[in-house]
Amino acid sequence: MLLRHRIVHAPMTRLRATDDGFVTKLMTEYYTQRSCIPGSLMISDATFAGEKSGGYPNNPRCFTEEHAKAWIPVTNAIHRNKSYLFMQLWPLPGEIKDEYREDPEKLKEIAYNDCPMDPLGLPAGVESFDTVQGINIYKKKYVSKTDIQEYIHDFVNAASLATHVAKADGVELHQANGFLLDRFVLGGLGDQCDPDYRGPLENRCRFALEVLEAVTQEIGQERVGYRISPYSAWALQTDTRETHIYLMKEISKRFPKLAYIHAIEPRQYWSGHKRIKSEVNTFYLQKYWKGPFITAGGYDPESAMEAADERGTLVAFGRQYIANPDLVYRVHNNLPLNPYKRSEFYTPKSTLGYIDYPFSQEYLTATKERQPNEGK
Ligand SMILES: Cc1cc2nc3c(=O)[nH]c(=O)nc-3n(C[C@H](O)[C@H](O)[C@H](O)COP(=O)(O)O)c2cc1C
């Protein structure tokens, strides 16, 4: 994979898949637009890795051959643009209660506001490990070794389908934002899991490292990225520094060729983009992980440039990439950015707020000049 710049498309749940999780033409159009600058890295919507990992309607899935085949137009479009796709794989924090699984309309009411970042930098609608908007949608279930093995199997199966059938360039394993792996790593399950997976940090990180081991065995270390969020609201409940240093040391020792570590920063900007300089960041981890490092969270072009220059990182953009299909071109040419519309982030299956953000006139003119015979 040869990236031509340091801007990365952050993974974003957008609910534009079919009710039963198949990728749509709309998604192909979105990723075609966003990957228009050659050498761009797209990290996909968080994608359900198995039956027990998911449940939300309109969220993409990749655990059957059919799901994976539905991704092919997206991958092909991105590759035609000479860009790359890493598919983010996640399980939700637990298994969804049957009453929600059987009544997707009920689930929609609460799930569709599950934004990991609200204007205060806290996860919107997710107040604790157990609830979404104050409602506990997950089964109270002890996670046994057998369950853990099933989850690992799901990750491996999804990673294999993503790379071998959907032809993604790799997968990103999602430990961030309080989802299942994060719960284990941060001790969020209390005594509700097998004793070998709780308590001391070696135990808490065991599941995540086993997933990494199994997935890298299956598709190779170079095709696997890993996302963490040491400062997510859940993480504030515990001191995560020691835990994440341990994780980075183990990853460096056991998976030195991993594609990248992707770390979410505490948010540096409040709404209105008033800059707040923060000494608190994830860069301490670069002492323990020397490979490619992606930083994400609250960047604008100026602060992104600083991080890239001073820390040698790649920088993932979320909301600005939603609103700017030609974000890379705009940043490179110092052009103003389209504002994003938060109310349309999660509108299921809608074109609005998804593929209707305009390209800059400058980009359109430049690409037309490069293709003078287009349309003849
Ligand atoms: C609409 C939306 C959906 C998101 N979905 C995911 C997701 O599926 N997986 C994930 O790891 N992060 C998700 N995030 C977090 C982003 O990847 C990113 O870390 C966050 O938006 C901060 O970056 P920004 O300030 O550039 O927007 C989402 C963010 C937004 C705005």
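**Reading a predicted fold**

Tutor: Among contacts between residues at least 6 apart in sequence, 74% join residues at least 24 apart. The model is predicted. The chain has 13 helices and 11 strands. Of its 376 residues, 47% count as buried.

Student: Take Tyr-226. What makes it count as buried?

Tutor: Tyr-226 has 27 C-beta neighbours inside 10 Å. Buried needs 20 or more. The count of 27 passes that cut-off, so Tyr-226 is buried.

Student: Where is Tyr-226 found, and which residues does Tyr-226 touch?

Tutor: Tyr-226 sits in strand S6, residues 224-228. Leaving out residues up to four places away in sequence, Tyr-226 touches Leu-173, Gln-175, Leu-212, Ile-251, Leu-258, Ile-261 and His-262.

Student: Why is His-153 called partly exposed?

Tutor: His-153 has 13 C-beta neighbours inside 10 Å. Exposed means 12 or fewer, and buried means 20 or more. The count of 13 falls in between, so His-153 is partly exposed.

Student: Which residues of the largest nonpolar core touch the most other members?

Tutor: Cys-62, Phe-155 and Ala-162 do, in a core of 101 residues. Helix H5, residues 145-165, supplies the largest share of this core, eight residues. In general, nonpolar side chains tend to be buried together in soluble globular proteins.

Student: Which residues does Phe-155 touch?

Tutor: Beyond four places in sequence, Phe-155 touches Ala-49, Leu-89, Leu-173, Val-211, Ala-214 and Val-215.

Student: How do you know how H5 and H8 pass each other?

Tutor: Two packed helices are described by the angle between their axes and the distance between the axes. The axes of H5 and H8, residues 206-219, come within 9 Å and cross at roughly 35°. The crossing is right-handed.

Student: Which residues of H5 and H8 meet?

Tutor: From H5: Ile-148, Ile-152, Phe-155, Val-156, Ala-159, Ser-160 and Thr-163. From H8: Phe-207, Glu-210, Val-211, Ala-214, Val-215, Glu-218 and Ile-219. The contact divides into 10 nonpolar, two polar and two charged residues.

Student: What is noted about the phi of Lys-82?

Tutor: Phi of Lys-82 is positive, about 60°, although Lys-82 is not a glycine. Most residues other than glycine have a negative phi. Lys-82 lies in the loop between helix H2 (65-80) and strand S4 (84-90). Lys-349 also has a positive phi, near 60°. The loop of Lys-349 runs between helix H12 (327-332) and helix H13 (361-370).

Student: Why are Lys-82 and Lys-349 called partly exposed?

Tutor: Lys-82 has 14 other C-beta atoms within 10 Å. Lys-349 has 16.

Student: How many residues surround the ligand, and which are the closest?

Tutor: 24 residues surround the ligand. The closest are Ala-10, Thr-13, Ala-46, Gly-318 and Arg-319. This shell divides into 13 nonpolar, eight polar and three charged residues.

Terms used
Residues numbered from 1 in each chain as written. Predicted model: local features only at pLDDT ≥ 70, side-chain atom pairs only at ≥ 80, totals over all residues. Core = buried A, V, L, I, M, F, W, Y, C linked by C-beta atoms within 7 Å. Helix = DSSP H or I, 4+ residues; strand = E, 2+ residues; numbered from the N terminus. Contact = placed C-beta atoms within 7 Å. Near = placed C-beta within 6 Å. Nonpolar A, V, L, I, M, F, W, Y, C, P; charged D, E, K, R; others polar. Axes fitted to C-alpha atoms, helices over the stretch in contact; angles between N-to-C directions. Left-handed = near helix turned anticlockwise from the far one by under 90°.
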